[in-house]
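Morning, everyone. Please look at the screen, and I'll walk you through one structure.

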Amino acid sequence: MEKFYLTTPIYYPSGKFHIGTAYTEVLADFIKKYKKLQGYDTFMLTGVDEHGQKIEDKAKDSEMDPKAYVDIQANNAINLWKKMKIDYSKFMRTTDDYHEIAVQKIFERFLSQGDIYKGEYEGWYCKPCESYFTETQLVDGKCPDCGREVRKMKEEAYFFNMKKYADRLLKYYEENQDFIKPEFRKNEMINNFIKPGLEDLCVTRTSFSWGIKVKSDPKHVIYVWLDALTNYLTALGYTSENDELYKKYWPADLQIVGKDIARFHLIYWPIFLMALDLPLPKTILVHNWITMKDGKMSKSKGNVIYPEQLIERYGLDATKYFLLREIPVATDGVFSPEEFVDRYNYDLCNDLSNLLNRTISMINKYFDGLVPNYNGTPNEVDETLENDAIEVISKFEDYMNKYEIANAIQSIWTLVSRTNKYIDETSPWALAKEVDGETEEDKVNRIDKLKSCMYHLVANLKQIAIMIRPFMEETSDNILRQLGISNNVSWDSLKDYKKIENIKVIEKGEPIFMRLDQQEEVEYIKNLMKV
Ligand code: MSP
């Protein structure tokens, strides 16, 4: 069985995650479940990034010991992922012993190889980003990443010799076209950071103590990004005696990160791996952000939405659907209450829920709930539908291979629309009616067409149920249950139109999504944002 190892960033456990933060996780979870359905042996890593000054300060604010503080926060993250049915394989905590030991070993190895050297650092430090910047990197005297105040700091420190690897990194980018997705992120790295000259990276701090100590010089704490990035290896047991997972799953097949942390993953991370003489991940996917109409989500603006709030009112499936469909990976996506309610009403209720409902009621009406078997010779209309559906499935697979997620989701809805259109094309209500003076042969033909129509509706709904399964599992189960099809489905059966036999739909269809009152719900969501 082919393996598929994918990772999300490890999150700062410093407060509640809003829908933006949850997006990375929803995206990764969807891809993982899709790969699993396709038969891959998947491993998905997520977790929390617990060290650093920011966390130390937050703990202080709450008058807590940092470890006690992160214990609570890590638990909150675990609970949220449980609520969102995120199917990770391992939840990583950077305060775990094995990770700390491995990071120390990695640091000492870099030191002994001469990749890390001791020097003195003076620069502009952004506390929220835990990053140093040179004068020229600042934007209007502020942090180029988050736009906040920076302050001048000086300290004895260890440095990683990034310059040494710059050419090798460029060559790697060039020779491995799948390494960075989308492609424009690669050019961004080359033009903004590598070509102007890579600075050596300061990899220790002495200004605070909440972190992993350098083994050979314990007054230094290892820079939180060196600590955090290596989690992708240490989580699998790298450098420990129990490294079976590492041997099985490394290199990662897909690492997903938000655009704000692209630089760390596209420059420092591959260089650390080169220094460790390890293979690089096959693909690093950089996604854009969910913003609001008035820009970035922030408490002070009063425009924050938390996933729990949407899930509680509209369900998990609708929430995931919206996030994945509306947020293109390569540009920012905007969350608006109007759009959310529209998508719910149009896509989920009108298009999908009604398609299921109409199908079930017609099969009950015309065939007492028994789905006619495939007749072996589809007529022209049905054959066109089959071909269209198979084309959509191929398109979906292509998009998924390129990690164009919103396009992939949208393509499923082209199949939903196509199937709705098929009902209009075939007019089953007319086929069900006796025609004055029709011959016995005409009658047989008419009924055959009606049977074939019902079969094709069920077959397409089954396809849709399988395709949405990785992100709308409950809805998928619900559709399959109402159709009388087992939910033990696989991707393989998707393109075979002859696979459904002797099934009976439920007697009375149950709507899977009910129409929302547009005005009322938009108001409701707007009020949530104010809290
Ligand atoms: N701890 C680091 C990652 C270390 S990985 C070795 C970190 N954590 S984070 O909690 O700040 O961010 C976690 C993820 O949430 C990142 O991928 C980030 O891009 C993503 N997002 C945070 N806000 C977001 C939006 N508004 N929209 C989409 N994703 C966003 O960074």
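Let's start with a term. Helices and strands here are DSSP runs, numbered from the N terminus; a helix has at least four residues and a strand at least two. Keep in mind that this is a predicted model.

Now use those terms. Find strand S7, residues 180-181, and helix H6, residues 184-194. The loop between S7 and H6 holds proline 182. What kind of peptide bond joins lysine 181 and proline 182? A cis one, with omega at about -10°.

One more backbone detail. Glutamate 63 is not a glycine, yet its phi is positive, about 50°. Where is glutamate 63? In the loop between helix H2 (53-61) and helix H3 (66-83).

On to the ligand. How many residues surround the ligand? The count is 21. The closest are Ile10, Gly20, Asp49, Asp260 and Ile290. What are the shell residues like, nonpolar, polar or charged? They divide into 11 nonpolar, 8 polar and 2 charged.

Next, the ligand's oxygen atoms. A backbone N or O atom of tyrosine 12 lies 3.1 Å from an oxygen atom of the ligand. For glycine 258, again through a backbone N or O atom, the distance to a ligand oxygen is 3.0 Å. With tryptophan 289, look at the side chain instead: an N or O atom there is 3.3 Å from an oxygen atom of the ligand. And how much of the ligand does the protein bury? Taken alone, the ligand exposes 670 Å², and the protein buries 94% of that.

Last stop: two helices. Find H13, residues 337-367, and H15, residues 405-426. They pack at an angle of about 45°, and their axes are 10 Å apart.

Definitions and conventions:
Residues numbered from 1 in each chain as written. Predicted model: local features only at pLDDT ≥ 70, side-chain atom pairs only at ≥ 80, totals over all residues. Heavy atoms only, no water. Near = heavy atom within 4 Å. Polar contact = N/O pair within 3.5 Å; in protein donor to acceptor, adjacent residues only side chain to side chain. Areas by Shrake-Rupley, 256 points an atom, 1.4 Å probe, with all protein chains shown as cover. Nonpolar A, V, L, I, M, F, W, Y, C, P; charged D, E, K, R; others polar. Axes fitted to C-alpha atoms, helices over the stretch in contact; angles between N-to-C directions.
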